[in-house]
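I am opening my notebook to write down what I looked up in this structure, one entry at a time.

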Amino acid sequence: MPLVAGVDSSTQSCKVVIRDAETGALLRQGRAPHPDGTEVDPEAWWQALRGAAEQAGGLADVAAVSVAGQQHGMVCLDEDGRVVRPALLWNDTRSADAAADLVEEAGGGAAGRRFWAEATGSVPVASFTVTKLRWLARHEPELAARVAAVCLPHDWLTWRLAGAPGLAALRTDRGDASGTGYWSPASGGYRLDLLERAFGRRLAVPE
């Protein structure tokens with residue numbers, strides 16, 4: 001009887017379920033809370049995942065793990081894969097002015113909104129990663145200078161589960177990438193020129 005695990009790392013908590021891969025029957029489950037706030041050390045997510053997995057009887061006997069997680073957040077890593085600063089979550093609105101600036105710089109008003117909508121399918125708002133990168137570059141330049149890669153909470157957890165094997169091993173999916181503000185649904189690829197427009201230089205991103 002092959003087993004599979006599902007992980008849901010939401011804003012409030014991490015939940016792990018273990019199911020029979022053939023019947024879908026729920027066999028075990030666990031849950032652990034996340035810290036409150038709009039700025040969180042990603043290590044807290046990792047510890048919550050470990051705690052929830054332990055409650056669920058562990059992952060040693062599962063054949064596969066699937067991870068779902070909160071979108072839009074910003075996890076910044078240095079060249080050695082270390083977290084540079086606490087992650088800014090989707091519900092952190094300090095980058096609202098940065099969102100407005102990015103629209104203004106693209107022509108402002110309807111023209112600026114159209115530029116972003118045509119490029120990425122969305123107009124920047126404070127929840128999007130691209131606006132958080134602009135905020136970081138403007139308000140914490142010393143930390144911004146250390147950033148080598150940017151990813152989302154879901155991407156980071158998947159990477160940690162894989163053993164954090166280097167920045168080149170970061171992976172994402174179309175759903176997460178579409179909420180960054182620098183990915184094109186038309187081409188199915190990143191718009192690193194838009195990331196550079198926001199941050200001042202290009203960064204490594206998950207494949």
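How many residues of domain 1 are in contact with domain 2, and how many residues of domain 2 do they meet? I kept in mind that this is a predicted model, and I found that 18 residues of domain 1 touch 20 residues of domain 2.

Entry on the two domains. I looked up the domain assignment, which gives domain 1 as 1–69 and domain 2 as 70–206, and I noted that their C-alpha centres lie 25 Å apart. The area buried between domain 1 and domain 2 is about 1700 Å², with 64% of that coming from carbon and sulfur atoms. On the side of domain 1, I listed Thr38, Glu39 and Trp45 as the residues that lose the most area to domain 2, together 34% of what that side buries.

Entry on contacts across the interface. I found three salt bridges between domain 1 and domain 2, and I also recorded that Glu43 forms a salt bridge with Arg160, where the closest N and O atoms are 3.1 Å apart. For the side of domain 1 that touches domain 2, β4 (39–40), α1 (42–55) and β5 (64–69) each supply at least two residues, and α1 gives the most, with five residues.

Entry on Ser95. I located Ser95 in the loop between β7 (87–88) and α2 (96–105). Is Ser95 buried or exposed? Ser95 counts as buried, because its relative accessibility is 1%, and the cut-off for buried is under 20%. Its side chain makes a polar contact with the side chain of Thr131 at 2.9 Å, and a polar atom of the Ser95 side chain lies 3.0 Å from the backbone oxygen of Ala126.

How values were computed
Residues numbered from 1 in each chain as written. Predicted model: local features only at pLDDT ≥ 70, side-chain atom pairs only at ≥ 80, totals over all residues. Heavy atoms only, no water. Helix = DSSP H or I, 4+ residues; strand = E, 2+ residues; numbered from the N terminus. Buried < 20%, exposed > 50% of the residue type's maximum accessible area, 1.4 Å probe, protein only. Polar contact = N/O pair within 3.5 Å; in protein donor to acceptor, adjacent residues only side chain to side chain. Domains from an automatic or database assignment. Contact = heavy atoms within 4.5 Å. Buried area = accessible area lost by both parts, 1.4 Å probe. Salt bridge = Lys/Arg side-chain N within 4 Å of Asp/Glu carboxyl O.
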